[in-house]
Amino acid sequence: MDDRVREHIRVAGVVQGVGFRPFVYTLARDLGLTGLVGNDVHGVFVFAEGHSSLLSRFRRALAEQAPPLAVVDEVTATAVEPRGDETFEIALSESSGPRATLVSADSATCVDCLAELGDPGDRRYRYPFLNCTNCGPRFTIVTDVPYDRPLTTMAPFEMCADCEAEYHDPTDRRFHAQPVCCPACGPELRLTDSAGSVLPGDPLERTVAALRDGGIVALKGLGGYHLAVDAANPDAAATLRKRKHREEKPFAVMAPDLAGARALCEVDEHERELLESRRRPIVLLDRHPDAAVAEAVAPGNRQLGVMLPYTPLHHLLLAATGPLVLTSANLSDEPIAYRDATARERLAEIADVFLGHERGIHMRTDDSVVRSFEGRELSVRRSRGRVPEPVRLRRELPRPVLACGAELKNTFCVAKGANAFVSHHIGDLENYETLRSFTEGIEHFERLFDIAPEVVAHDLHPEYLSTKYAVEREDVELVGVQHHHAHIASCLVDNGERGPVLGVAFDGLGFGTDGTIWGGEFLLADLADFRRLAHLEQVAMPGGDRAVKQPWRMAVSQLLSCYGTEAPGDLGVLRRNESQLSAIARMCEGGVNAPPTSSAGRLFDAVAAILGVRDAVSYEGQAAIELEQLADREERGHYAVALPDSGTLPDSVTLPDSGASEVGNPPLSVPAGQLVRAVVDELRGGQRYEVIAARFHNGVAELIARLCERLRDTTGVDEVALSGGVFQNTLLLRRTVDALRRSGFRVLLHSNVPTNDGGICLGQVAIAGERDRRGGNSPERE
């Protein structure tokens, strides 16, 4: 009796362009199965025929033994009629029908390719573009799906006979590696001047010489151009800073290898894993005091952003130069340059030479930035190496959603089913180039993942360019999402939770439902609704956005709020800005161009200015970052805040039935100005600035924990989600997490998406989807 059976198996996830078909082919043949495997717009399909027990082993192995870059979300099987196939083959790709396949992120050069790169006997010896199925460019070169060579920027390069043989051999490591090439048929390096004229000689050797001589090199990478200089050369670093118009924001450094990174910074085991992962992010590390980097690389900063080489070109270059500054090639506030002609035009006044090549970049992508906290990865900027891998939602969306994100650190998100595709880092939507990058990115993601949004979520701020874009979309349902609710929802999704939680959202600013500027919020929230339970007391923000760039204004505002006209006149921040004090006082008192804000970010700015850390900033968050750098991390004392009476809150607080709110009872106003008074008292008493800075941080953490205890009594909720850009401050985060845990709370933190505004779009998607499900706007609602 013939006990052969045949199954139609589907594999969903990141399974194209990662060597999945040859893996299936080899596995099936080893088990003696017959049939075929192929790619289509849904992922990978398999028809496998053989004994039922062998098919069971086959299905398990598909999920458990997948190639390194594969992410298997689901394996499903349906019995079909046996056909009596005699072999197992790899079928041609199918490209018709609605797309549901996933695209893998760009991946660092694998160990096998590195071995070939350094082998004089290998035909790809020192070839800057070698790659295989397990590594190399992916997302940045894909123009459409399915992921095959004609739909990548490698399409113009016709494979030589040797590469073609590898490409078509299912047993070869380069089987259907779409960017496969070699010196005979692939891209070549070229070194040019700013006018585009090719410079004679070996491009790599001349680039090394230029760097050693203190030159600035525009280097074409995976997702765009970088600007590179010798990290140990003070003149080169200072010149780069001047030409790039980047006054003080730290540059990232690429070290040749792990030993090179450890020569610059402290690296623990988890940080080592992050550095050496296939994603190769920039990792924020504590630097050695004597690290051999120029002061201009990260002025006054106790940390360095360090990454390891992730392309063959990086490996070749760094082996000859040692650590290099490697920063996005752009002028301040512009998106990274990625097209050759545009790069030459925009960088002509910055770079001395350009090291480029002919392989096109279809989608610009900045480097990802992460840090380690309690052995887990905290994303600061989610981009190359992560995008476009989806964030999985706990429940499928009723309808496809586009979330437009925030204004600063913008990312967008397109989502359908249970997959949310958070975009690469776009940047601050403050100029035409960045807005164009935003709109082009949305168009590419919608095409790549075949998503036609029916619901578009946006921030409540009417002047955000992302909001204006949303409003201009036609034939969609618009969903306005409050900024801080989106922060907490993104943290919930990041942790696979639905809520409700006590959400602490601390950031610079966000438009509130009452028309004021929020930023120090305590919410009761789930994925659909929120209630504002408490906030830091409001103070005037004199000059509006000017107060963001001039923290001394917030210092004056806080001092006026605390002391009125009796503010201590001997404070340095008042003496330094004496000529403008009267005007600022009138603004605050009259409420003219001085909107009220509960912002925690502005509170940190004010304290930084009072301590003389920073009166004006050249990049977002600079004052707070330097205040954190100043703090004595061994200090455990804290400034206390007398919390207000809870009388305005009912005995039992629940979420509203829908939408936002302060329905029924006003939120508690927390007198954070008491922290400012304590800072002033100790400053005038001669206490060390480092101790004051630490006690302020510790005081904020204790305030959060004590208030959450109070709110637990009225809500019954003992989980706290921390979100917002202020929690990028690891000292504050450490102290807050410890204080909350001592009080018996379970604490949710971000990991896959940033706690800053780069994670807002994911929260917007979740909220729009949950409201759609609950609100009866879809026939698929529960």
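Student: Which residues does Phe20 touch, not counting residues up to four places away in sequence?

Tutor: Phe20 touches Val11, Val15, Val44, Leu62, Ala66, Pro67, Ala70 and Val72. Touching, or contact, means heavy atoms within 4.5 Å. Before we go on, this is a predicted model, where local features need pLDDT of at least 70, side-chain atom pairs count only at pLDDT 80 or more, and totals for chains, interfaces and linings use all residues. Residues are numbered from 1 along each chain as its sequence is written, and side-chain values use heavy atoms, with hydrogens and water left out.

Student: What is pLDDT, and what does the chain average?

Tutor: It is the predictor's confidence in each residue, from 0 to 100. The chain averages 92, and 96% of the residues score at least 70. Over residues 658-663 the value is below 50, and that stretch has 16 contacts in the model beyond near neighbours in sequence. Residues 776-782 are also below 50, with twelve such contacts.

Student: Back to the core. Which residues touch the most other members of the largest nonpolar core?

Tutor: Phe20, Val24, Val46, Phe58 and Leu62 do, in a core of 97 residues. Helix 1 (residues 20-31) gives the largest share of this core, seven residues. Another core, of 84 residues, lies apart from it and includes Ala534, Trp552, Ala609 and Leu655. A nonpolar core here is a set of buried Ala, Val, Leu, Ile, Met, Phe, Trp, Tyr and Cys residues joined through side-chain atoms within 4.5 Å. Buried means under 20% relative accessible area, exposed means over 50%, and partly exposed is in between (1.4 Å probe, protein chains only). As for the numbering, helices (H or I, at least four residues) and strands (E, at least two) are DSSP runs, numbered from the N terminus.

Student: New topic: how many residues of helix 13 are buried?

Tutor: Twelve of the twelve are buried, so helix 13 is largely enclosed by the rest of the structure. Among them are His483, His484, His485 and His487. Helix 13 covers residues 483-494 and reaches 17 Å from its first C-alpha to its last, close to the expected 16 Å. That expected span is 1.5 Å times one less than the number of residues.

Student: What caps its N-terminal end?

Tutor: Gln482 does: a side-chain oxygen lies 2.8 Å from the backbone nitrogen of His484. After helix 13 comes Gly496, whose phi is positive, near 65°.

Student: OK, loops now. Is Thr133 buried or exposed?

Tutor: Thr133 counts as buried because its relative accessibility is 4%. Thr133 is in the loop between helix 3 (111-117) and helix 4 (161-168).

Student: You mentioned strands. In what order do the six strands of the open sheet come?

Tutor: The order is 16-19-18-17-20-21, with mixed pairing. Two strands pair if DSSP finds at least two bridges between them. Strand 16 (391-392) and strand 21 (477-481) are the edges, each pairing on one side only. Strand 18 and strand 19 (residues 419-422) run antiparallel, joined by four bridges, and Val414 stands opposite Phe421 in strand 19.

Student: One last thing: what do strand 14 and strand 15 form?

Tutor: They form a hairpin with two residues between them, and Glu374 in the turn has a positive phi of about 55°. Strand 14 (residues 369-373) and strand 15 (residues 376-381) run antiparallel, joined by five bridges. Val369 stands opposite Arg381 in strand 15.

Note on methods: A polar contact is a pair of N or O atoms within 3.5 Å; within protein, one must be able to donate a hydrogen and the other to accept it, and residues adjacent in sequence count only if both atoms are side-chain atoms.
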